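Subject: A structure for you to look at

Dear colleague,

My notes on what was found come after it.

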Amino acid sequence: SLRERMASATQAVPTVRQALVHAASYITTRDQTTQVLQVDMRPLVIHLLAGLEKAGVERAVVTLGHHATELAECVAAYGFKLKVDFVWLTLGSAGAAWHNLANSIIAARTAFRDEAEALLIVRADQLYDWRLLRKIADAPFSHGLDAFALVDTSPPTLRWADGQFCSRNCRRGACHALAKVARGEDGNAIRCGHRLGAYDAVVAGDVSGGAPEIAWRAGYSLGCT
């Protein structure tokens, strides 16, 4: 049955068994960080960690910034089976900008000692279905294929990116806010960036999986832009 197949899938060990959870951003709604707002009586960060646990991830490194103590206490009180470690980001001269995803990646590097073991990178202010997390955690890494990301290739989305999104955001100076992807004949990404002139996909969510070296390189690159 479908239920039995799903149960079997969650029992098997995924390719990726560790995750970096970015929970340091300063996103507010009604004077609260998005990470501690509740959906179905549970904070978003709890939904995310529960999804990672159900997807078979064994360890999560959570980067903390704003409301760090509140988030750490909330996570510790839940009692997850997966191992949860915290990395505390200090407020630097850049202010809230220090708590972006790039700096979370850079700060968490020392928490992942095995440079050969792949990891997931996810944000704690977004909701992900555990089956999506599992799909990326089961990514078939091979020679020349070192990273996986969630992208949208649908024609309506691409028309929106070229038209409505661009016309609205260019007036605000944010024309290059979308991360765009150019794919090769095999469907794999060959280029990714905000200023691609030709592209056939856009990044659809801040969830990715890949070799640590790719993550660290991306973090330093994003942190310098």
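Predicted model: local features only at pLDDT ≥ 70, side-chain atom pairs only at ≥ 80, totals over all residues.

The chain has 225 residues, of which 40% count as buried, and its secondary structure comes to eight helices and twelve strands. Its accessible surface is about 12,600 Å², and 53% of that surface belongs to carbon and sulfur atoms. If you consider the contacts in the chain with a separation of 6 or more, you will find that 69% of them are accounted for by residues 24 or more positions apart.

The pair of helices comes next. Two packed helices are described by the angle between their axes and by the distance between those axes. For helix α2, which covers residues 44-54, and helix α3, which covers residues 68-78, the angle is about 45° and the axes are 10 Å apart. Because of that angle, α2 is oblique to α3, and α2 passes α3 in a right-handed crossing. On the side of α2 the contact is made by V45, I46 and L49, while α3 brings L71, C74, V75 and Y78 to it. When the residues of this contact are divided by type, seven are nonpolar, and there are no polar and no charged ones.

Is H47 buried or exposed? Its relative accessible area is 16%, and because buried means under 20%, H47 counts as buried. Leaving aside residues up to four places away in sequence, H47 touches V39, D40, R42 and L127.

The second residue, I136, is found in helix α5, which runs over residues 130-137. I136 has a relative accessibility of 9% and therefore counts as buried as well. Which residues does I136 touch, when those up to four places away in sequence are not counted? They are V16, L120, V207, S208 and G209.

Notes: Residues numbered from 1 in each chain as written. Heavy atoms only, no water. Axes fitted to C-alpha atoms, helices over the stretch in contact; angles between N-to-C directions. Helix = DSSP H or I, 4+ residues; strand = E, 2+ residues; numbered from the N terminus. Parallel < 35°, antiparallel > 145°, perpendicular 65-115°, else oblique. Left-handed = near helix turned anticlockwise from the far one by under 90°. Contact = heavy atoms within 4.5 Å. Nonpolar A, V, L, I, M, F, W, Y, C, P; charged D, E, K, R; others polar. Buried < 20%, exposed > 50% of the residue type's maximum accessible area, 1.4 Å probe, protein only. Areas by Shrake-Rupley, 256 points an atom, 1.4 Å probe, with all protein chains shown as cover.
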